[in-house]
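Hi everyone, thanks for coming. Let me put today's protein up on the screen, and then we can walk through it together.

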Amino acid sequence: PAWLRRLCGQLLSERLLRPRGVHAVVRGIVEGTGGEWGGSGAEAAAVDWRKCDVVAKILAACPQQCLSVEDYYKLVCPQILDLLHIQDKVTARQFQRVATTTLLTMAKGHPQLAEKYLLQPMLAPLLRCSDA
């Protein structure tokens, strides 16, 4: 029903905007996809990619509760970049897929904001080295 979709969307948006909310949402949706879906390794990998794509689309979409897309990017982009620093190898692979797919989705939708809140922070160490 529409009321349930609205409520779930509102709860999801509220969680994303909290500290470590992106991490919690990604973990809740993606965790444990490796091997549990049955089928061959190729089938499981395809399901894994599709799940990561869906999560990336969710993260890239600005919720209605935000005043602006820029406010949303300010809150979630640092959290998306944090997904690149997960230590556990299995979890890191999935989280990195989500992070890179989200980055690409955001860059296509709002290139200036993605550059400001994702690409510049990610490339800052390289730029500092090249300036020296």
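Let's start with a question: among contacts in the protein between residues at least 6 apart in sequence, what percentage join residues at least 24 apart? The answer is 67%. Do keep in mind, please, that this is a predicted model.

Now for the overall layout. Of the 132 residues in the protein, 32% are buried.

Next, the inside. The largest nonpolar core has 28 residues, and V22, V26, V98, M106 and L118 are the ones that touch the most other members. Helix 2 (21-30), helix 3 (41-60), helix 4, helix 5 (89-109) and helix 6 each give two or more residues to this core. Have a look at V98: leaving aside residues up to four places away in sequence, V98 touches V26, V30, C52, V55, A56, L59 and L83. As a general point, nonpolar side chains in soluble globular proteins tend to be buried together.

Helix 4, residues 69-82, packs with helix 6, residues 111-131, at an angle of about 25°, and their axes are 9 Å apart. Angles under 35 degrees count as roughly parallel, and helix 4 and helix 6 are therefore roughly parallel to each other. Their crossing is right-handed. On the helix 4 side, the residues in contact include Y73, C77 and L81, and on the helix 6 side they include Y117, L118 and M122. By class, this contact has eleven nonpolar, three charged and no polar residues.

Methods: Residues numbered from 1 in each chain as written. Predicted model: local features only at pLDDT ≥ 70, side-chain atom pairs only at ≥ 80, totals over all residues. Heavy atoms only, no water. Axes fitted to C-alpha atoms, helices over the stretch in contact; angles between N-to-C directions. Helix = DSSP H or I, 4+ residues; strand = E, 2+ residues; numbered from the N terminus. Parallel < 35°, antiparallel > 145°, perpendicular 65-115°, else oblique. Left-handed = near helix turned anticlockwise from the far one by under 90°. Contact = heavy atoms within 4.5 Å. Nonpolar A, V, L, I, M, F, W, Y, C, P; charged D, E, K, R; others polar. Core = buried A, V, L, I, M, F, W, Y, C linked by side-chain atoms within 4.5 Å. Buried < 20%, exposed > 50% of the residue type's maximum accessible area, 1.4 Å probe, protein only.
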